[in-house]
Amino acid sequence: MTVQEKIHEYLSVHRDEMVEDIKTLIKVDSARAEALPGKPYGEGAAEALRAGLSLFEKHGFLGKNWDNYAIDTVINGKELGLDILAHLDVVPGGDGWTKTTPFEPIVEDGKMYGRGTSDDKGPAVAALYAMKAVRDLGFELDKDVRLILGSDEECGSSDIAYYFGKNTHAPMTISPDADFPLVFLEKGSLHTTFTAEVSLEEGLPRVRSAVSGIKVNVVPAKADAVVEGMTADEMNKYVKEAEDETGVKFTVSLAEDGALMIHADGVSAHAASPMDGNNALTALLKLLSSLPLAESKTKTLLHNVTALFPHGDYCGGGLGVNLEDEISGKTTLTLDLFELNDTKMSGTFDCRACNSATEENTKNVVQKKLSDAGFEPNDSPLNPPHYVPKDSELVKTLLETYTDVTGEVREPLAIGGGTYVHHIENGVACGCADPSVDNHMHGPDEFVIIDQLVMSAEIFALAIVKLCGK
């Protein structure tokens, strides 16, 4: 039998055991909670790490707990060659589940349902079984493999910062927390908040207030404003034009004091792919800027912010940062938070910057554009892109291994999001998701296809032998 055939047979035999181990982890609600003494992310995250250590011990691995930030284990104690970096924390369980409750895993039609099945407890166990297969089958390795399981990936990755404050990186790192075949480029990011002082001028018509957004990385599906000095009939003409131009639905209602309340309904999306949504906020700004408002500072600023963030511009053209390169594609940018009240206008945008983005051609350009438009931007830094060349040993070996196991030839991916490896040299995210499958990650009825997870373990095991074997 070939190395691959031996690995495949081993993991097929241990398939059901892998499923039960994943269930053990899923039953722990490990969403970040209030810090406790010795438990920086709360009781649930600490319990998940304890459960992970128990799995290490069950399968004959010696594990270590790094102050309830992360746990780790290795195969053989030799010179370190490869890190595998996964996480045991999850987003909150949430509502809307139909197959089961978030922390009561079930298997149905070849799928396991539960919070963390695909992100990232299932992949973490797949990585453990890959190491177990390599060890139990007796494949000789020149270098060691270290599995690191963190507990704060969903809320900032301070766990890994802590861990690598006490440990050195391996020469190569993979994180099973993305799509196959692998992610060789993660775009940079820039989150900037801008503000301007205003006052409620006496001239009519005027915009009294406006608000939109829930998080900086979520394209807003809803936006609201209050306008004084216009009738509903007068407003409806402008609403109809805005609806036709934006595709966003507007509702106008009358407040008790005679003001008009305007509500916009768009389509939400992740800020890494803003073109998948229809931004209710920028549509509302377009409508407000089209109104025959009395001359005022607020009117000027509304026109300026609308010009900087025109509806339908998801590439930063209004701010002059619509960059593009062959490696990573286009920069994306979306205005996701906004508030106008009696004293202040403020907004925050999310930019996912292409590989050619720098402080000079992105951050500095944005700062000047906002300042020239009458806003004061905060001095947020550009988080640089993360890039591992396609011709690196790590990327070439992982792509080759993916093809060996699946029979498919796929190009590596460039994404707008960020993973555990964003700041790790020669680190890539690899699996366990199939980009053609919606695993309902972060949503109700999150699931993983069990065969996909077993195949992932096979890919990781074969990659370990190729990258670290004799």
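Predicted model: local features only at pLDDT ≥ 70, side-chain atom pairs only at ≥ 80, totals over all residues.
Student: Take strand S7. Are its faces covered or open?
Tutor: Both faces of S7, residues 172-175, are covered. Met 172 and Ile 174 lie buried on one side, and Thr 173 and Ser 175 are buried on the other.

Student: In which sense does S3 run relative to S7, parallel or antiparallel?
Tutor: Strand S3, residues 80-87, runs parallel to S7, and three bridges join the two. Ile 174 of S7 is the bridge partner of Ile 84.

Student: And how many bridges pair S7 with S24?
Tutor: Three bridges, again in the parallel sense, pair S7 with S24, which covers residues 427-429. Within S24, Gly 427 is the bridge partner of Thr 173. Thr 173 is also one of the buried residues of S7.

Student: Changing topic: what radius of gyration does the chain have?
Tutor: The protein chain has 25 Å; a compact globule of 470 residues would have a value near 23 Å, so the two agree. The C-alpha trace spans about 80 × 45 × 45 Å along its principal axes.

Student: What percentage of the residues count as buried?
Tutor: Of the 470 residues, 55% count as buried. The accessible surface comes to about 19,400 Å², and carbon and sulfur atoms account for 50% of that surface.

Student: How far apart are the mean positions of the positive and negative charges?
Tutor: They are 2 Å apart, for 41 positive and 75 negative charges.

Notes
Residues numbered from 1 in each chain as written. Heavy atoms only, no water. Buried < 20%, exposed > 50% of the residue type's maximum accessible area, 1.4 Å probe, protein only. Helix = DSSP H or I, 4+ residues; strand = E, 2+ residues; numbered from the N terminus. Pairing = 2+ DSSP bridges. Rg over C-alpha atoms; globule rule 2.2 N^0.38 Å. Areas by Shrake-Rupley, 256 points an atom, 1.4 Å probe, with all protein chains shown as cover. Lys, Arg positive; Asp, Glu negative; His and termini not counted. Charge placed at Lys NZ, Arg CZ, Asp CG, Glu CD.
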